[in-house]
Amino acid sequence: MPQRILVTGATGTVGRQVMAQLVEIGVEVRALTREPVDLPPTVEGVRGDLSVPDSLRAAFDGVEAVFLVWPFASAEGLEMVLKLMAATRRVVYLSSAAVRDHERRAERLIERSGRQWTILRPHAFAANALRWAEQIRGGGVVREPYGQAAMSLVHERDIAAVAVRALTQDRHAGSVYELTGPHSLTQAEQVRVIGEVIGHPVRWEETSPEDARRQMLARRWPAAAVDGILRAQAEMTLGPAPVTATVEEVAATAARTFRSWAAEHAHAFEPLVRDE
């Protein structure tokens with residue numbers, strides 16, 4: 001088992017879970033953060049910014065493995081970051097099942113870096129449902145397009161469980177893991193499940209893609225990103241989402257359901273005013 005592991009994106013949805021699970025099994029963990037944050041007492045915090053390679057030298061010093069989140073829309077700068085990892089034996093990269101151009105380039109750079117690597121390609125995060133929290137709390141109605149878009153939602157703890165195995169075990173070197181939850185659910189079905197979990201009916205109200213696009217642009221989302229999201233959702237209406245057994249095969253535990261995720265996060269969706 002590596003003596004010290006660096007977790008980038010340590011305050012993010014997956015990174016904080018990777019950090020916590022590594023601590024649970026007794027691994028020495030170093031967390032890279034851009035700003036001072038509260039960390040578990042056994043975790044060493046190091047300040048640095050992936051967009052400023054010179055700020056990363058202390059973070060990489062003495063680590064044998066890195067959980068790498070690259071939160072940029074371009075792979076530019078990654079090659080320099082990988083060079084700074086010269087003494088690091090292993091890299092586990094959080095990619096995406098979508099494998100956009102910049103993600104594929106990042107994957108290729110990591111594969112050619114001369115160290116052990118594992119690529120994680122999760123499908124849609126269950127945590128993406130948090131974007132509906134305000135609508136659900138305020139009125140029990142989610143208004144968006146493509147209610148029949150199907151997704152095999154994966155729990156962030158399952159992504160982290162696979163990452164921890166890849167970070168601490170040699171047998172995952174050179175593997176590309178596609179990660180999903182155990183079921184395909186449409187967006188309308190996800191909303192229904194949330195309502196069942198919180199004991200308060202929640203319904204889906206279909207809107208037009210044009211209305212959704214205007215709203216996202218008004219929130220200053222980049223036009224290319226907006227169009228990409230809507231195009232992907234339209235494609236997801238064509239049938240059930242693929243489901244893999246990778247979480248169970250690698251982490252030796254069944255993948256968590258969306259219902260279990262919703263139960264863990266029920267507080268985020270509780271109505272502001274309950275019916276009497």
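Close-up 1. The structure, a predicted model, holds four aromatic pairs, where rings of Phe, Tyr and Trp (its six-membered ring) pair if their centres lie within 6.5 Å, and planes under 30 degrees apart count as stacked, over 60 as edge-to-face and the rest as tilted. The rings of Trp70 and Phe72 have centres 4.8 Å apart and planes at 80°, so this pair is edge-to-face. Trp70 is buried, at a relative accessible area of 8%, whereas Phe72 is partly exposed, at 29%; buried means under 20% relative accessible area, exposed over 50% and partly exposed in between, for a 1.4 Å probe and protein chains only. Residues are numbered from 1 along each chain as its sequence is written. Local features need pLDDT of at least 70 and side-chain atom pairs count only at pLDDT 80 or more, while totals for chains, interfaces and linings use all residues, and side-chain values use heavy atoms, with hydrogens and water left out.

**Close-up 2. The pair of Trp132 and Trp204.** Trp132 and Trp204 form an edge-to-face aromatic pair, with 5.8 Å from centre to centre and 85° between the planes. Because Trp132 lies in the loop between β6 (116-122) and α5 (133-139) and Trp204 in strand β11 (residues 203-206), the pair ties together parts that are 72 residues apart in sequence; helices (H or I, at least four residues) and strands (E, at least two) are DSSP runs, numbered from the N terminus. Both Trp132 and Trp204 are buried.

Close-up 3. Of the 13 residues of α6, 11 are buried, among them Asp158 and Val162. Val247, in helix α10 (residues 246-251), is buried, with a relative accessible area of 2%. Leaving aside neighbours within four places in sequence, Val247 is in contact (heavy atoms within 4.5 Å) with residues including Asp158, Val162, Leu179 and Thr180.

Close-up 4. The largest cavity has a volume of about 30 Å³, a cavity being a set of points on a 1 Å grid over the protein atoms alone where a 1.4 Å probe fits but cannot get out, and lining residues having an atom within 4 Å of a point. The volume is the space filled by probe spheres set on the points, which are joined across faces, edges and corners. Leu153, Gly181, Pro182, His183, Leu185, Thr257 and Phe258 line the largest cavity. Phe258 also forms one aromatic cluster with Trp261 and Phe269.

Note on methods
On a 1 Å grid over the protein atoms alone, a cavity is a set of points where a 1.4 Å probe fits but cannot get out, and a pocket is an open set with protein on both sides within 12 Å along at least five of seven lines; lining residues have an atom within 4 Å of a point.
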